[in-house]
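Reader: I am new to this model. Please take me slowly through one part, where the chains meet.

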Protein chains: 2
Amino acid sequence: MQLLEERIRAEGRIREGDILKVDRFLNHQMDVELFDAMGREWARLFEGCGVNKILTIEASGIGIACVAAFSFHCPVVFAKKSRSKNLDSEVYRTEVISYTHGNHSDVMVSRDALGPEDRVLLIDDFLANGAALCGLLDICAQAGATVVGAGIAIEKAYQPGGRIVRERGVRVESLARIASMSPEGGIVFC
Amino acid sequence: MQLLEERIRAEGRIREGDILKVDRFLNHQMDVELFDAMGREWARLFEGCGVNKILTIEASGIGIACVAAFSFHCPVVFAKKSRSKNLDSEVYRTEVISYTHGNHSDVMVSRDALGPEDRVLLIDDFLANGAALCGLLDICAQAGATVVGAGIAIEKAYQPGGRIVRERGVRVESLARIASMSPEGGIVFC
């Protein structure tokens with residue numbers, strides 16, 4: 001998606017440790033007009049798939065998912081990093097390893113919020129190792145929900161997450177796919 | 001706001017410990033059409049105030065803030081619970097005590113994202129003790145930004161947060177104000 005690639009080129013900053021900072025428009029300060037364009041693009045790509053719920057994970061996926069939901073006319077559910085004392089009988093629970101933050105998170109979705117009647121589009125800001133997306137897939141499997149696909153803003157295509165998730169049979173639509181990235185060479189899109 | 005009060009009456013659940021669960025439409029599963037109506041109401045209330053940025057705090061404020069931003073035609077910034085190793089020279093930082101989760105969070109906003117040129121509307125899902133809102137006010141003060149006011153979905157008017165923040169001279173517009181609440185008596189709005 002040209003609009004997103006242009007913003008990444010103009011405002012993304014490459015940092016030590018394979019970090020792409022896009023906090024000026026995507027995951028700290030958030031440009032909701034851009035999110036709307038992204039949502040309309042996913043709606044075009046997943047047209048006719050019967051999406052009736054969007055599932056994302058806190059925190060940086062929430063804004064993108066909520067704006068995208070306007071193009072799908074459906075509610076959003078976000079998987080919560082577990083801090084509260086919910087009983088296992090009330091929630092689906094899985095573990096996500098964050099490579100960025102170097103920790104494990106227990107994430108959960110209320111059983112009320114997801115079930116076999118749901119046709120789910122997963123949405124997240126980044127796809128790199130695929131840990132978050134695999135966690136969301138696990139939660140959908142527990143709920144018996146159908147995963148229609150995943151809408152990703154930025155995929156680091158040189159990392160294994162995209163391959164892992166696609167090999168599980170999930171359709172992944174990434175709006176910007178980065179082939180390589182370095183402080184010297186800049187960003188090369190696929 | 002009648003629409004929000006009706007949803008709270010229909011789908012809110014009162015739990016032990018003064019907890020109002022609204023996770024079916026507000027802060028876990030999220031009804032973005034409702035958020036849009038809330039955003040339009042805040043835009044009406046704060047019309048002519050020159051809001052050019054919305055500031056919220058992760059996680060449950062983000063969805064409401066992003067949808068509301070459409071009615072203000074401005075970007076959103078969310079204060080992050082600090083996990084990363086940003087230098088103090090790069091961020092404004094403050095501490096927020098969560099009564100719900102019983103812990104302290106260090107929250108931060110990038111210095112790039114907020115400054116003296118900003119006229120800020122604060123948005124959050126709940127106002128009870130006012131800890132989160134006071135944290136956001138502190139960050140705005142550090143940035144030299146002007147706080148136009150606060151848009152709150154649900155205010156527990158029997159708790160001190162609303163009074164504390166209004167006594168600091170901040171205009172607070174809560175779309176549903178709860179006068180009292182108990183499993184026996186149900187919810188009484190102001």
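Leaving aside its neighbours within four places in sequence, which residues is Lys80(A) in contact with?

Author: First, the ground rules. This is a predicted model, in which local features need pLDDT of at least 70, side-chain atom pairs count only at pLDDT 80 or more, and totals for chains, interfaces and linings use all residues. Residues are numbered from 1 along each chain as its sequence is written, chains are lettered from A and ligands numbered from 1 in the order in which they are written, and side-chain values use heavy atoms, with hydrogens and water left out.

Now to your residue. Beyond the neighbours within four places in sequence, Lys80(A) touches Glu58(A), Asp106(A), Val107(A) and Met108(A) in chain A, and Asn27(B) and His28(B) in chain B. Contact means heavy atoms within 4.5 Å. Lys80(A) belongs to strand S5 of chain A. Helices (H or I, at least four residues) and strands (E, at least two) are DSSP runs, numbered from the N terminus. Lys80(A) is partly exposed, because its relative accessibility is 22%. On that scale, buried is under 20% relative accessible area, exposed is over 50%, and partly exposed lies in between (1.4 Å probe, protein chains only). Lys80(A) and Met108(A) are 28 residues apart along the chain, yet their C-alpha atoms are separated by 5.3 Å.

Step back to the whole interface. Chain A brings 38 residues to the contact, and chain B brings 38 residues. Chain A and chain B bury about 3,200 Å² between them, and carbon and sulfur atoms give 58% of that. Buried area is the accessible area (1.4 Å probe) that two parts lose on being put together, summed over both. Three residues stand out on chain A: His28(A), Met30(A) and Phe70(A) supply 21% of what chain A buries against chain B, more than any other three residues.

Four salt bridges are found across the interface of chain A and chain B. A salt bridge needs a side-chain nitrogen of Lys or Arg within 4 Å of a carboxyl oxygen of Asp or Glu. Arg24(A) makes a salt bridge with Asp112(B), with the closest N and O atoms 3.5 Å apart. Polar contacts between chain A and chain B join 14 residue pairs, both residues at pLDDT 80 or more. Such a contact is a pair of N or O atoms within 3.5 Å; within protein, one must be able to donate a hydrogen and the other to accept it, and residues adjacent in sequence count only if both atoms are side-chain atoms.

Which elements of chain A do this work? H3(A) gives the most, with six residues. By class, that side of chain A has 16 nonpolar, nine polar and 13 charged residues. Ala, Val, Leu, Ile, Met, Phe, Trp, Tyr, Cys and Pro count as nonpolar, Asp, Glu, Lys and Arg as charged, and the others, Gly among them, as polar.

Strands also pair across the boundary. S3(A) pairs with strand S5 (residues 76-81) of chain B in the antiparallel sense, over two bridges. Two strands pair if DSSP finds at least two bridges between them. Met30(A) stands opposite Val76(B) in S5(B). From there, follow chain B. S5(B) pairs with strand S7 (residues 103-110) of chain B, antiparallel, over two bridges. Lys81(B) has Val107(B) as its bridge partner in S7(B). Strand S6 (residues 91-98) of chain B also pairs with S7(B), antiparallel, over eight bridges. Val91(B) has Ser110(B) as its bridge partner there.

Return to Glu58(A), one of the contacts of Lys80(A). The peptide bond from Glu58(A) to Ala59(A) is cis, with omega near 0°. Ala59(A) sits in the loop between strand S4 (53-57) and H3 of chain A. In chain B, the bond from Glu58(B) to Ala59(B) is cis too, with omega near 0°.

Most residues other than glycine have a negative phi, and most peptide bonds are trans. Asp18(A) has a positive phi, near 60°. Asp18(A) lies in the loop between S1 and strand S2 (19-21) of chain A. Asp18(B) has a positive phi of about 60° as well. The backbone oxygen of Asp18(B) is 2.7 Å from a polar side-chain atom of Lys156(B). Lys156(B) is buried, with a relative accessible area of 9%.
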